[in-house]
Amino acid sequence: MKHVLLLGLVFCGGCVSGAPQFEKAMRLKGGEDLMRVESPGWAAPCVADIDRDGKPDLLVGQFNKGKIRVYKGQGDLKFAAGEWLKAEGEVAEVPGVW
């Protein structure tokens with residue numbers, strides 16, 4: 001495994017040097033509203049194409065009750081209004097470890 005990492009660093013050359021460059025921060029909207037998380041505000045975002053339509057969807061896990069809000073991707077960083085992830089017709093909750 002060390003050899004693979006070393007070879008990767010040798011062939012990559014300058015790609016590991018310097019500070020990363022990021023785009024300017026922006027607030028995303030779900031539908032017409034800004035995306036927000038419930039109090040206490042700890043979120044766990046994830047991007048995945050959950051409906052397999054070729055557009056990335058945004059899933060935002062909420063610390064409060066372990067719920068997940070799903071924002072369906074519409075392309076060009078636009079998302080539909082968020083809906084809670086449901087299982088058997090009820091809002092799904094991931095049990096916490098606290």
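Modeller: Please note first that this model is predicted. Let us begin with E5 and E8, which pair in the antiparallel sense over two bridges.

Biologist: In E8, which residue is the bridge partner of Val70?

Modeller: Strands of a sheet pair through backbone hydrogen bonds, in a parallel or an antiparallel manner. Here, Val70 has Glu83 in E8 as its bridge partner.

Biologist: In what order do the four strands of the open sheet stand?

Modeller: The order is E3-E4-E5-E8, with antiparallel pairing. E3 and strand E8 (83-84) stand at the edges with a single partner strand each, so one side of each has no neighbour in the sheet.

Biologist: How many bridges join strand E3 to E4?

Modeller: Strand E3 (residues 43-48) and E4 run antiparallel and are joined by six bridges. Within this pairing, Val47 stands opposite Leu58 of E4. On to the next pair: E4 and strand E5 (residues 68-71) are antiparallel, with four bridges, and Val60 stands opposite Arg69 in E5. The hairpin of E4 and E5 has five residues between the strands, and Lys65 there takes a positive phi near 65°.

Biologist: Are the faces of E4 covered or open?

Modeller: In a regular strand the side chains alternate between the two faces of the sheet. In E4, Asp57, Leu59 and Gly61 lie on one side, Leu58, Val60 and Gln62 lie on the other, and all are buried. Strand E4 (residues 57-62) is accordingly described as mostly covered, with six of its six residues buried.

Biologist: Which residues make up the largest nonpolar core?

Modeller: Such a core is a set of buried nonpolar residues joined through side-chain atoms within 4.5 Å. The largest one here has five residues: Met35, Leu58, Val60, Tyr71 and Phe79. Leaving aside neighbours within four places in sequence, Met35 is in contact with residues including Leu58, Tyr71 and Phe79.

Biologist: Asp57 is a charged residue of strand E4. Which side chain of opposite charge is nearest to Asp57, and how far away is it?

Modeller: A salt bridge requires a side-chain nitrogen of Lys or Arg within 4 Å of a carboxyl oxygen of Asp or Glu. Asp57 is buried yet has no salt bridge, and the nearest side chain of opposite charge, Lys72, is 6.4 Å away.

Biologist: Which backbone nitrogen lies 2.7 Å from a polar atom of the Asp57 side chain?

Modeller: That nitrogen belongs to Gly73. Leaving aside neighbours within four places in sequence, the contacts of Asp57 include Val47, Tyr71, Lys72, Gly73 and Phe79.

Definitions and conventions: Residues numbered from 1 in each chain as written. Predicted model: local features only at pLDDT ≥ 70, side-chain atom pairs only at ≥ 80, totals over all residues. Heavy atoms only, no water. Buried < 20%, exposed > 50% of the residue type's maximum accessible area, 1.4 Å probe, protein only. Pairing = 2+ DSSP bridges. Contact = heavy atoms within 4.5 Å. Polar contact = N/O pair within 3.5 Å; in protein donor to acceptor, adjacent residues only side chain to side chain.
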